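Me: I am new to this structure and would like to understand the words used for it. Please take me through them one at a time.

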Amino acid sequence: MDHMITVQLADTTGHTTMMLSPADTVEAIQQNSGGGAWIYADNQLIQANQVNEENLSTVSSVRILPGLVGG
């Protein structure tokens, strides 16, 4: 069985949980990383532009969250 990653995508309407391959996870990160989104791979903050299939090969979960602004 291929490696699958639990991906949680949060936005203003709530969140969606998906099971994706590393390639599909990279695509989801690229599509949803605009607007200052924060991306966590196994609870470590990562940079969207530094993500590829290889460095997601051992990751079990990814969270894509809207950027938080303190005020």
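Me: Why is Trp38 called partly exposed?

Reply: In this predicted model, Trp38 has a relative accessible area of 32%, and because buried means under 20% and exposed over 50%, with a 1.4 Å probe and protein chains only, a value in between is called partly exposed. Residues are numbered from 1 along each chain as its sequence is written. Local features need pLDDT of at least 70 and side-chain atom pairs count only at pLDDT 80 or more, while totals for chains, interfaces and linings use all residues, and side-chain values use heavy atoms, leaving out hydrogens and water.

Me: Why is Thr25 called buried?

Reply: The relative accessible area of Thr25 is 0%, so Thr25 falls under the 20% limit and counts as buried. Thr25 sits in helix H1, helices being DSSP runs (H or I) of at least four residues and strands (E) runs of at least two, numbered from the N terminus. Leaving aside residues up to four places away in sequence, Thr25 touches Ile5, Val7, Leu20, Leu56 and Val62, where contact means heavy atoms within 4.5 Å.

Me: What makes E3 and E5 a pair of strands?

Reply: Two strands pair if DSSP finds at least two bridges between them, and 4 bridges join E3 to strand E5 (residues 61-65), so these antiparallel strands meet the condition. One of the links is between Ile39 and its bridge partner in E5, Ile64.

Me: What makes E2 and E4 edge strands?

Reply: The open sheet has 5 strands in the order E2-E1-E5-E3-E4, with mixed pairing. Strand E2 (14-20) and strand E4 (44-46) each have a single partner strand, so one side of each is left without a neighbour in the sheet.
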